[in-house]
Amino acid sequence: MTHRILRSALLVSATALAWAACNTSGLSTQPRATFSQLACLDLNGDDRIDGADSLAEFRVPDFNADGLRDDRDGAFLRGVDIALDPARAPCADGAEKRTPEYLVAHGYFEPSDVSCDSGARPVLLVGVGGGVVNLREKDDASGIRGIVDGLQREYDDRDIETIGVLAGPAIVGAANVHAGMEQWMTHAVQVYLDRFSCLRTVLVGHSHGAVTADVVAARLEGQYANRIIAVVDVDRVEALYIGDLTARPVMAPVLNVYETNDGILRGYPYDSPNAENWDASAVAAAGDGDTPVSHTTIDNAKAVRDHRR
């Protein structure tokens with residue numbers, strides 16, 4: 001009997017480890033992901049990401065993981081026109097897609113689509129990390145992943161469907177790396193909001209990613225203001241950002257979290273009627289009860305992750 005119990009326990013443990021190993025998104029409720037290294041979406045080789053690339057449907061990523069590469073996936077390319085730098089394009093000459101900076105999460109056996117039936121009000125959770133290199137590495141954008149994961153679990157507990165999207169603040173290989181991601185993310189969020197008329201969204205960004213989230217919200221709030229639940233800026237930093245530094249939401253609710261401990265990289269208050277500012281300088285860094293947060297640790301701090309507007 002003891003041996004059977006032990007074998008059963010070992011089998012359960014092995015199964016749990018196998019499922020954990022299969023988690024590629026870093027999110028607990030949607031553990032799989034469709035990854036994209038966005039410069040590789042230049043499918044016709046003209047050094048641009050645009051609608052012409054959507055014509056090669058069989059090569060467009062299956063963004064919603066429904067088992068098809070079709071017009072619904074091509075929609076994310078139609079409507080953008082992102083110039084690439086031929087000298088820096090990481091996917092030229094058949095180079096491998098090693099460092100994706102964009103992912104759409106989904107379940108093990110479920111696509112990332114949601115339903116608007118019976119008064120449902122699903123939520124698109126968009127997280128933009130501050131210095132992402134490769135989203136296949138779960139340590140990249142780990143703080144933003146943790147925040148999105150917490151929100152997703154809360155909505156799941158309330159039987160509210162979600163779509164989880166994670167990105168970095170830059171498209172490697174774009175002529176303007178930050179402006180390119182601003183355009184991609186703005187269009188992607190708009191595609192989702194147009195596709196699902198009941199969908200609402202929360203945008204969360206850290207450091208440069210907070211600038212990206214602000215730009216997306218600012219460009220969309222004129223048409224979709226009542227569908228933006230909140231924009232969460234975590235220690236927004238503008239230094240070395242070469243995209244749009246002027247566009248910030250003025251209607252959508254903003255939670256602006258910042259610290260003043262870091263002498264070089266630190267956030268600051270956002271003086272706008274739609275913004276709630278939280279100086280989190282006194283918050284402890286993750287795993288250390290005495291050390292206050294810095295720019296690189298604020299997104300992983302438990303108090304910041306657990307904070308709800």
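Predicted model: local features only at pLDDT ≥ 70, side-chain atom pairs only at ≥ 80, totals over all residues.
## A strand residue and its contacts

Contact here means heavy atoms within 4.5 Å. Beyond its neighbours within four places in sequence, Leu-125 is in contact with Val-148, Leu-151, Gln-152, Tyr-155, Thr-162, Ile-163, Gly-164, Val-165 and Val-202. Leu-203 lies 78 residues from Leu-125 along the chain, yet their C-alpha atoms are separated by 6.2 Å.

## The overall picture

Stepping back, the protein has 6 helices and 10 strands. It contains 309 residues, and 52% of them count as buried. Among contacts with a separation of 6 or more, 70% are between residues 24 or more positions apart. The protein exposes about 14000 Å², with 53% of that supplied by carbon and sulfur atoms.

The largest nonpolar core has 47 residues, and the members touching the most others are Phe-63, Tyr-102, Trp-184, Met-185, Tyr-192 and Leu-203. Two or more residues each come from E4, E5, strand E6 (162-167), helix H4 (177-195), helix H5 (208-224) and strand E8 (228-234). H4 gives the largest share of this core, 8 residues. A second, separate core of 29 residues includes Leu-103, Ala-141, Tyr-155 and Val-234.

Leaving out neighbours within four places in sequence, Met-185 is in contact with Tyr-102, Val-126, Val-165, Ala-167, Thr-212 and Val-216.

## Aromatic rings and charges

There are 6 aromatic pairs in the count. Phe-63 and Tyr-102 pair edge-to-face, because their ring centres are 6.2 Å apart and their planes meet at 80°. This pair links distant parts of the chain, 39 residues apart: Phe-63 is in the loop between strand E2 (48-50) and helix H2 (71-74), while Tyr-102 is in strand E4 (residues 102-106).

Arg-136 lies over the face of Phe-35, at 4.3 Å from the ring centre, and the charged end of Arg-248 is over the ring of Tyr-270, 3.9 Å from its centre.

## Disulfides

The count of disulfides comes to 2. In one of them, the sulfur atoms of Cys-40 and Cys-91 are 1.5 Å apart. Cys-40 is in the loop between strand E1 (32-36) and E2, and Cys-91, 51 residues away, is in the loop between strand E3 (81-83) and E4. Both of these cysteines are buried.

Cys-116 and Cys-198 form a disulfide with their sulfur atoms 2.0 Å apart. The link is left-handed, with -85° about the S-S bond. Here, too, distant parts of the chain are joined: Cys-116 is in the loop between E4 and E5, and Cys-198 is in the loop between H4 and E7, 82 residues apart. Cys-116 is partly exposed at 30% relative accessible area, whereas Cys-198 counts as buried at 14%. With the bonded cysteines numbered in sequence order, the pairing is 1-2, 3-4.

## A serine in a loop

Our last stop is Ser-207, in the loop between strand E7 (200-206) and H5. Ser-207 counts as buried, at 8% relative accessibility. Not counting residues up to four places away in sequence, Ser-207 touches Gly-130, Val-234, Asp-235, Arg-236, Val-237 and His-295.

Terms used: Residues numbered from 1 in each chain as written. Heavy atoms only, no water. Helix = DSSP H or I, 4+ residues; strand = E, 2+ residues; numbered from the N terminus. Buried < 20%, exposed > 50% of the residue type's maximum accessible area, 1.4 Å probe, protein only. Areas by Shrake-Rupley, 256 points an atom, 1.4 Å probe, with all protein chains shown as cover. Phe/Tyr/Trp six-rings, centres within 6.5 Å; stacked < 30°, edge-to-face > 60°. Lys NZ or Arg CZ within 6 Å of the ring centre and 35° of its normal. Core = buried A, V, L, I, M, F, W, Y, C linked by side-chain atoms within 4.5 Å. Disulfide = S-S within 2.5 Å.
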